[in-house]
Amino acid sequence: MRKLFALLLLSLAFSTGYAQILDPVKWKTSVEKKSDTEVVLIFDAVIEHEWHMFSQFTPEGGSLPTVFQFKNAKGNYELVGKTKESPYKKVYSDIFEVDEYMFENKAQFRQTIKVTNPNAKSVSVYVEYQVCKESCIQQDKTFEIKLPALAVKASDVTTTTTSVDTTSTQEEVKTDTVASSETKTTTAAASEKPIGKQEEKKGLFMIFILAFFSGFAALLTPCVFPMIPMTVSFFTKQSKTKADGIKNAIIYGVSIILIYVLLGSLVTAVFGADALNALSTNVWFNIIFFVLLVVFAASFLGAFEIMLPNSWANKVDRQADRGGIIGILFMALALAIVSFSCTGPIVGTLLVEAASKGGIAPIVGMLGFSLALALPFMLFAMFPGWLNSLPKSGGWLNTVKVVLGFLELALAFKFLSNADLVLQLHLLERETFLAIWITIFGTLAYYLFGKITLPHDSPLSHISVGRLSLGLLVLSFTIYLIPGLWGAPLKLISGFPPPMTYSESPYGVGNSKGGGTASAQILPDGAHLGAHDLIAFEDYEKGMAYAKSVNKPVLLDFTGFACVNCRKMEDYVWSKPEVLSLLKDKVVLISLYVDDKRELPENEKYTSKETGKEIKTIGNKWSDFQITNYKANAQPYYIVLDSEGNRLSEPVGYTPDATEYKTWLENGIAKFKK
């Protein structure tokens with residue numbers, strides 16, 4: 001009897017381990033009064049250990065961002081700026097092939113509003129977010145935040161704290177009045193808590209290294225390289241002593257650094273450190289970046305030259321004749337202006353790339369670029385004898401420009417791809433992107449082998465060993481890209497092309513992975529080809545009807561487009577031959593996406609009896625279906641059913657062990673056969 005009782009307890013523990021409503025994020029809202037008309041709404045999220053939620057600015061194509069919607073604004077209040085958030089942690093996702101911005105342990109969001117209606121009593125805020133660990137949950141909360149009385153003096157701060165029990169519909173409201181300085185100190189401590197500082201430093205370091213090598217590339221262009229011996233000779237001849245020459249060259253190099261760092265500072269100041277990252281994920285800015293890089297590439301390839309007005313250079317030259325430190329500073333400015341046709345596109349590209357990192361990245365980028373640009377001038381002034389070792393100017397300098405032009409052109413399509421992914425237009429899918437890159441790098445290899453010439457190229461009787469070596473390297477890279485059209489992962493460029501899921505076929509041209517082709521299969525009504533060419537239904541009723549007609553059990557798969565571990569299960573567990581054969585031949589797969597944002601027809605919208613929420617989208621419908629029928633809200637979530645909808649197995653969630661998952665699946669199938 002004891003054994004039977006223990007077995008029942010174990011079975012109950014197993015089933016409740018998966019059949020439960022999870023709520024890993026607890027919210028607390030507060031209001032900080034700034035003036036007689038403005039208040040700050042503060043949202044503090046406490047996240048359970050090992051779980052994480054995502055920033056508002058996490059890039060498209062990955063997990064779902066946190067979204068704030070302010071419902072009753074019209075006639076009551078206006079938003080002042082965007083919702084600000086505490087620092088996030090940046091983590092690269094191998095599954096989605098994008099950087100994801102996430103919060104762990106806690107997060108804070110702040111939105112300033114200007115109250116326009118003195119009778120406004122509260123603000124209604126709808127928050128939608130995704131929270132993940134081994135499973136992912138699509139969550140949404142609605143907060144009714146009570147506004148403080150606006151007759152209080154501006155020097156006082158009234159804080160209204162609303163403790164929200166997210167497992168209940170009840171709210172407990174508590175009001176405290178504290179001094180302004182105390183509130184600001186507490187808020188600063190919460191918002192400045194270092195989250196992901198190590199990752200941020202790594203990102204800035206990579207920007208610095210990229211910019212540093214870009215500075216060396218700029219040195220090897222026709223606009224800059226010939227200036228090295230000319231400038232160093234000027235300092236050595238005009239200075240009374242060798243020490244003076246070295247000192248003036250160092251001042252010259254420091255001036256170059258100051259000029260470019262000032263440029264990076266201006267970009268950060270104009271756009272704002274926080275706004276730069278938001279711009280990088282904006283559709284129109286990605287399109288603008290694409291156009292800019294195409295223009296830069298055309299300039300490097302010889303179509304035209306991007307030059308600043310000659311009058312600027314003339315005025316700066318006249319100032320450089322003044323001598324002294326001021327004259328040297330203007331000499332550095334003259335170099336920046338005269339060499340702009342070569343350095344401008346590189347600097348522009350660096351600033352675009354730095355903008356995607358946000359914060360002080362533009363300043364760090366300009367520091368790395370200018371340091372590489374200035375070092376040779378300072379070193380050759382200290383050791384003039386080294387000038388004899390410099391290669392002579394010649395046609396090879398234009399070759400460097402052309403190579404940079406091809407690289408700019410390839411990078412441009414990354415930004416166009418970002419915009420296409422956000423809009424989901426499917427105009428630049430993975431195969432198209434790779435075909436463009438194969439064309440660009442193939443043409444570059446053809447150029448390096450001397451088979452084509454561009455407008456500013458010198459006559460070429462032979463190619464150097466260095467140019468041949470570079471051509472072979474580019475050709476090898478081009479050949480490496482080609483299998484990507486047939487589904488190769490191309491890990492060397494992971495994160496540049498669109499993800500595998502964003503393609504004409506999940507497995508490349510011909511859809512040949514796993515045997516057969518898409519065109520060779522006759523799909524049942526309502527079905528489509530899913531992961532690994534599996535026939536899958538996205539509608540429960542149609543899938544169940546088909547299962548009944550073919551007399552097979554159903555694998556009900558609650559999933560999400562932005563669910564990381566759902567993709568891991570498909571990539572690493574479902575792909576195993578022993579599991580894939582069961583999925584293809586023994587069950588009918590019904591995949592219900594709880595984050596499908598498509599709206600339901602008006603006559604199908606309803607209010608959930610279980611949660612009381614309004615069900616507006618297809619994703620809402622399947623999420624409510626999971627909660628109502630299985631008392632669970634996490635994904636992935638798998639159940640084996642018979643054709644009448646009865647359970648044949650206990651549900652399971654994320655199960656990375658393929659053998660364990662196969663055994664679970666086989667047990668459910670075996671019960672159907674009985």
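Student: What makes a residue count as buried here, and what share of the chain is buried?
Tutor: Buried means under 20% relative accessible area. In this predicted model, 47% of the 674 residues fall in that class.

Student: How much accessible surface does the chain have, and what part belongs to carbon and sulfur atoms?
Tutor: About 33000 Å². Carbon and sulfur atoms hold 61% of that surface.

Student: What share of the contacts joins residues 24 or more positions apart?
Tutor: Count the contacts with a separation of 6 or more. Of these, 71% link residues 24 or more positions apart. Contact means heavy atoms within 4.5 Å.

Student: How many helices and strands are there?
Tutor: The chain has 19 helices and 19 strands. Five of the strands form an open sheet, ordered 13-14-16-15-19, with mixed pairing.

Student: Why are strand 13 and strand 19 said to stand at the edges?
Tutor: Strand 13 (527-529) and strand 19 (637-641) each have a single partner strand, so one side of each lacks a neighbour in the sheet. From one strand to the next, the twist averages 30 degrees.

Student: How do you know that strand 15 and strand 16 pair?
Tutor: Pairing takes at least two bridges. Six join strand 15 (residues 554-559) to strand 16 (residues 588-593). Therefore they pair. The two strands run parallel.

Conventions:
Residues numbered from 1 in each chain as written. Predicted model: local features only at pLDDT ≥ 70, side-chain atom pairs only at ≥ 80, totals over all residues. Heavy atoms only, no water. Helix = DSSP H or I, 4+ residues; strand = E, 2+ residues; numbered from the N terminus. Axes fitted to C-alpha atoms, helices over the stretch in contact; angles between N-to-C directions. Buried < 20%, exposed > 50% of the residue type's maximum accessible area, 1.4 Å probe, protein only. Areas by Shrake-Rupley, 256 points an atom, 1.4 Å probe, with all protein chains shown as cover.
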